[in-house]
Amino acid sequence: MTQPSHDEPTASNSEELRERVEETRQELGRTVEALAAKADVKSRAQEKAAEVKQQAAAKAGELKAKAAGTAAQVQEKIPDPVKEKAASAAGQARAKAAQAADLLQEKTPEPVRQKAAQGARAARDNRTLLLTAAGVAVLVWLACRRSKG
């Protein structure tokens, strides 16, 4: 008969041997599941894509909030004379647009006039945004002019 090696514990009874076999079977099952998960490239790629998508959405939210804060700061820093000039320019642009609209209304067919009216309504609805953009443009122009002078 062969003697068990000193490295391996000996089972004193069959019940203990069954328990060890069951533990080994469970450990083997966990190992196989772990290997199968590592080998499933498609699901790993999908998990990684979902993670990257979530990170991108979070970063986009941060950037959007930062842009809104920067726009508010720029709005606050616009000097009153610049705001007045922008408002004046906007008024002049509205007057010219009204003149052009009158002329176009006389010369254009009805379907085209309807589309133009929709565009004008959209511009009126977004007046604050347009004025803010004009103010920012003036600030950029002033900053460029100062850096060159």
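This briefing describes the helices, surface and salt bridges of a predicted protein model. Residues are numbered from 1 along each chain as its sequence is written. Because the model is predicted, local features need pLDDT of at least 70 and side-chain atom pairs count only at pLDDT 80 or more, whereas totals for chains, interfaces and linings use all residues; side-chain values use heavy atoms, with hydrogens and water left out. The protein chain contains five helices and zero strands, and 4% of its 149 residues are buried.

**Confidence**
- The protein chain has a mean pLDDT of 81, with 90% of its residues at 70 or more; pLDDT is the predictor's confidence in each residue, from 0 to 100.
- Helix α1 (residues 14–39) has the highest confidence, at a mean of 89, and helix α4 (residues 110–125) the lowest, at 80.

**Fold and surface**
- Along the sequence the pattern is α-α-α-α-α; helices (H or I, at least four residues) and strands (E, at least two) are DSSP runs numbered from the N terminus.
- The accessible surface of the protein chain is about 13100 Å², and carbon and sulfur atoms account for 58% of that area. Accessible areas come from the Shrake-Rupley method with a 1.4 Å probe, and for residues only the protein chains shown count as cover.
- Burial is classed by relative accessible area: buried is under 20%, exposed is over 50%, and partly exposed lies in between (1.4 Å probe, protein chains only).

**Helix α1**
- With 26 residues, α1 spans 37 Å from its first C-alpha to its last, close to the 38 Å expected at 1.5 Å a residue; the expected span is 1.5 Å times one less than the number of residues.
- At the start of α1, a side-chain oxygen of N13 comes within 3.2 Å of the backbone nitrogen of E15.

**Salt bridges**
- The structure holds five salt bridges, each defined as a side-chain nitrogen of Lys or Arg within 4 Å of a carboxyl oxygen of Asp or Glu.
- R18 pairs with E15, their closest N and O atoms being 4.0 Å apart; these residues are three apart in helix α1 and therefore separated by about one helical turn. R18 is exposed, at 54% relative accessibility, while E15 is partly exposed, at 45%.
- E16 and R20 form a salt bridge at 3.0 Å, N to O, and lie four residues apart in α1, about one turn of the helix. E16 is partly exposed at 27%, as R20 is at 28%.
- In helix α2 (residues 41–77), K48 and E51 are three residues apart, and their salt bridge has its closest N and O atoms 3.8 Å apart. K48 is partly exposed at 48%, and E51 is partly exposed at 38%.

Methods. Polar contact = N/O pair within 3.5 Å; in protein donor to acceptor, adjacent residues only side chain to side chain.
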